[in-house]
Amino acid sequence: MPNLRPRPRRGAGRGARAAGRGAGAAGRDELVSRSLQSAEHCLGAQDFGTAYAHYLLVLSLAPELKDDVKETFQYTLFRWAEELDALSRTQDLLGCYEQALELFPDDEVICNSMGEHLFRMGFRDEAAGYFRKAMKLNPDFSDAKENFYRVANWLVERWHFIMLNDTRRNTIYNAAIQKAVCLGSKSVLDIGAGTGILSMFAKKAGAHLVYACELSKTMYELACDVVAANEMEAGIKLLHMKSLDIEIPKHIPERVSLVVTETVDAGLFGEGIVESLIHAWEHLLFKPKTKGENGNCEKYGKVIPASAVIFGMAVECAEIRRHHRVGVKDIAGICLPASVKFQSPAYSSVDAEETIEPYTTEKMSRVPGGYLALTECFEIMTVNFNNLQELKSLATKKPDKIGIPVIKEGILDAIVVWFVLQLDDEHSLSTSPSEETCWEQAVYPVHDLADYWIKPGDQVMMEVSCQDCYLRIQSISVFNSEHEMDVGRSFTKNKDLLSLGNEAELCSALANLQTSKPDAVAQTCVLESTEIALLNNIPYHEGFKMAMKKVLSSLTLEKLGQAMDTQCQNNEMSCESGQNNSEQSVPEPLYVLDVSEGFSVLPVIAGTLGQVKPYSSVEKDQHRMTLDLISEANHFPKETLEFWLRHVEDESAVLQRPKSDKLWSIIILDVIEPSGLIQQEIMEKAAISRCLLQSGGKIFPQYVLMFGLLVESQTLVEENAVQGTERTLGFNVAPFINQFQVCICKSGQVTAIPFWYHMYLDDEIRLDTSSEASHWKQAAVVLDNPIQVEMGDELVLNVQHHKSNVSITVKQ
């Protein structure tokens with residue numbers, strides 16, 4: 001059938017289409033106008049979700065309005081995101097930000113806010129990407145800078161900088177890898193590649209095939225940048241995955257002849273080197289060359305490092321002691337009961353249900369106050385990384401018993417551990433305290449001894465194993481020179497009673513054993529090392545007690561005066577009516593709220609200062625039980641102490657009124673983190689707190705003064721940034737990893753500005769975060785470029801405080 005529709009003339013068609021566009025534009029403008037009005041109406045009604053939808057429509061129809069509605073759109077997005085976050089609608093929240101970033105891809109404020117939500121959800125790698133982007137978009141955006149530095153501390157730990165600055169470590173690893181490749185190991189797998197420097201050593205040495213795996217997304221992306229900058233991306237294949245997940249031929253075509261790795265921590269095994277090498281020998285490496293066997297090394301497997309020898313030493317160290325043993329029995333008048341046993345997470349328990357790293361780490365050559373060696377150094381264990389059967393037997397091997405003679409008298413505080421890493425038969429690295437290397441030493445604090453004082457003639461006994469692929473040193477006890485064993489110092493050695501020489505010694509040992517029974521059934525309370533140091537900080541608790549006593553006494557006198565006035569009025573009324581008013585009303589208590597982070601005994605101290613109802617914000621059940629036991633031991637009814645988080649549905653709303661018609665008498669805020677930085681959102685908390693105080697009530701601390709000092713030190717420079725290309729043997733690594741510089745939370749000598757605080761509880765009582773007894777560390781801002789100065793020169797410091805973040809810049 002013929003088409004009867006008349007064909008329009010070209011000119012008429014253009015005019016009709018133009019008219020159609022005109023009508024369409026008018027309709028679009030009308031829809032945009034109505035949507036804007038609806039969005040504003042929804043904002044007024046605080047219906048942020050609907051307002052957000054209207055703005056999306058407006059911006060999709062009229063992109064030219066972006067600049068006009070940008071600020072209002074941001075506000076709407078952030079408020080709607082808060083609601084979605086509160087409702088745990090994670091996918092919807094992330095979807096909103098993705099839509100917003102499609103519309104405003106170069107908006108640093110939206111990027112930063114997206115990063116904050118991701119960080120709270122635990123997506124640290126992804127959060128760092130958004131913070132980085134926000135910084136690139138606006139280098140002066142202080143919120144993004146501070147957020148990035150905080151997340152960078154999680155993602156790129158300080159030891160990366162120290163390790164890359166360790167020229168000797170880099171040189172020896174390079175020499176061992178070069179030797180292996182020259183001998184025929186031409187295919188290489190770098191496990192835990194980090195920045196990829198070992199892979200680049202292998203490629204430069206002449207390896208044909210180099211594979212590098214890295215689990216951290218941030219480090220993987222960093223390695224990609226580093227390898228590309230050094231023009232080796234064609235020769236090194238980077239894999240974003242665990243070595244345990246590598247499959248042949250899916251990820252690499254065939255087995256390799258050399259595995260290089262430096263997945264060793266201060267305790268040697270803590271980064272999983274045993275598990276990864278067992279898997280590598282079984283699935284990724286060629287079989288090892290046997291003794292006397294000749295042939296091309298390319299078809300035989302080998303690991304660098306080849307082996308390691310672990311050493312130890314018993315030490316006295318006051319700094320370790322105050323962070324891992326509660327050494328006080330009385331805290332500002334509060335008695336710590338014998339029924340409570342405090343332990344740090346580093347306590348090594350065989351029966352622990354969850355795997356906890358059984359040691360902490362210290363650079364013993366720089367530990368404050370130094371240390372005293374109580375024994376000679378002794379060999380703990382040797383491990384051969386090129387022997388599969390030996391690696392497999394490590395985890396199942398029964399603990400070895402070791403006895404070490406004491407050479408000096410002192411307090412047994414810890415066993416310090418280090419190792420010698422034998423890369424091959426020629427090259428080795430030592431992590432000893434006497435060596436200046438990038439490694440710290442592993443520290444095993446000593447617990448559960450009846451008496452920690454030891455002297456020459458004694459022997460320190462311990463059991464050593466490699467359970468859960470951690471080096472474990474446990475069941476530490478002391479054999480006494482006067483008796484064959486002081487059983488009072490060892491609660492796990494009953495079978496060794498048979499070694500005692502005569503009946504008198506046996507009776508003496510049994511008597512000592514009886515005294516240890518109460519400790520065996522004590523309530524165990526595990527505290528972070530900073531929390532133990534806080535319990536040992538007597539000036540801190542005495543200062544708070546004095547300050548609280550002043551406030552509570554003042555408020556009590558005021559209440560007493562008011563009560564007397566009321567009583568007089570009641571008596572007058574009773575006399576006039578002829579009634580006998582013998583019933584006395586029970587006075588209302590004073591309310592104290594402690595919102596300190598972690599474990600705090602301040603509420604118990606407050607509860608002993610009169611008619612007070614204290615509230616604690618501790619979260620863990622074992623911490624609540626411990627506070628109850630401390631309350632009972634001090635004849636302070638545990639029912640008087642309330643745990644505030646049980647009364648608050650949303651932990652973010654912890655600053656609330658105890659009752660609808662009551663206000664707080666004292667609110668204790670945790671202003672300074674143990675790291676030495678200001679607590680996040682502390683100013684917001686302080687603003688809320690001021691609205692919740694009764695007349696005459698106080699916030700502690702009442703104000704804080706910040707102090708700083710300009711210092712010079714190479715140590716903190718090396719802990720904060722890679723110094724040029726010489727340290728990394730000519731490879732260009734510094735510009736990439738130095739983006740992840742962090743505020744270093746450890747005192748040292750560096751071209752930097754360490755800072756600390758004086759916290760005033762009132763005008764007379766002051767706490768100093770830099771004192772020897774302090775549980776706080778000192779933070780420092782490390783300068784990007786050292787400034788040369790002469791005596792008499794003046795420097796200008798620009799210090800800014802915004803949203804609980806302090807930034808410091810220096811100008812000459």
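Which residue in S3 does valine 210 stand opposite? Valine 210 faces isoleucine 236. The model is predicted, so local features need pLDDT of at least 70 and side-chain atom pairs count only at pLDDT 80 or more, while totals for chains, interfaces and linings use all residues. Residues are numbered from 1 along each chain as its sequence is written, and side-chain values use heavy atoms, with hydrogens and water left out.

The two residues belong to a pair of strands. Strand S2 (residues 209-213) and strand S3 (residues 236-239) run in the parallel sense and share four bridges. Two strands pair if DSSP finds at least two bridges between them. Helices (H or I, at least four residues) and strands (E, at least two) are DSSP runs, numbered from the N terminus. From S2 the chain passes through helix H11 (residues 217-229) to reach S3, and this β-α-β crossover is right-handed. Right-handed means that, with the strands pointing away from the viewer, the path from the first strand over the helix to the second runs clockwise.

Next comes helix H12 (residues 273-283), which is mostly covered, with eight of its 11 residues buried. Buried means under 20% relative accessible area, exposed over 50%, and partly exposed in between (1.4 Å probe, protein chains only). Among the buried residues of H12 are Ile273, Leu277, His279 and Trp281. The buried residues of this helix pack against strand S1 (187-191), strand S4 (258-261), strand S5 (302-304) and helix H14 (388-394). Contact here means heavy atoms within 4.5 Å.

Asparagine 384 is part of strand S12 (residues 378-384). With a relative accessible area of 27%, asparagine 384 is partly exposed. Leaving aside residues up to four places away in sequence, asparagine 384 touches Ala306, Ser307, Glu390 and Leu391. Asparagine 384 and proline 305 are 79 residues apart in sequence, and their C-alpha atoms are 9.0 Å apart in space.

Now consider the charged residues. Side chains of opposite charge can pair when their charged atoms come close. A salt bridge is a side-chain nitrogen of Lys or Arg within 4 Å of a carboxyl oxygen of Asp or Glu. A search of the whole structure finds 22 salt bridges. One of them joins the side chains of aspartate 92 and arginine 89, at 2.8 Å from N to O. Aspartate 92 is partly exposed at 38%, and arginine 89 is partly exposed at 36%.

Another salt bridge is formed by lysine 550 and glutamate 764, whose closest N and O atoms are 2.8 Å apart. This pair links distant parts of the chain, 214 residues apart: lysine 550 is in helix H18 (residues 538-577), and glutamate 764 is in the loop between strand S29 (750-760) and strand S30 (766-768). Lysine 550 counts as partly exposed at 38% relative accessibility, whereas glutamate 764 is exposed at 67%.

In a further salt bridge, lysine 613 and glutamate 642 have their closest N and O atoms 3.4 Å apart. Lysine 613 lies in strand S23 (residues 612-616) and glutamate 642 in strand S24 (residues 642-643), 29 residues apart. Lysine 613 counts as buried at 18% relative accessibility, and glutamate 642 as partly exposed at 22%. Elsewhere, Arg28, Asp29 and Glu64 are linked in a network of salt bridges.

Phenylalanine 707 is partly exposed, with a relative accessible area of 32%.
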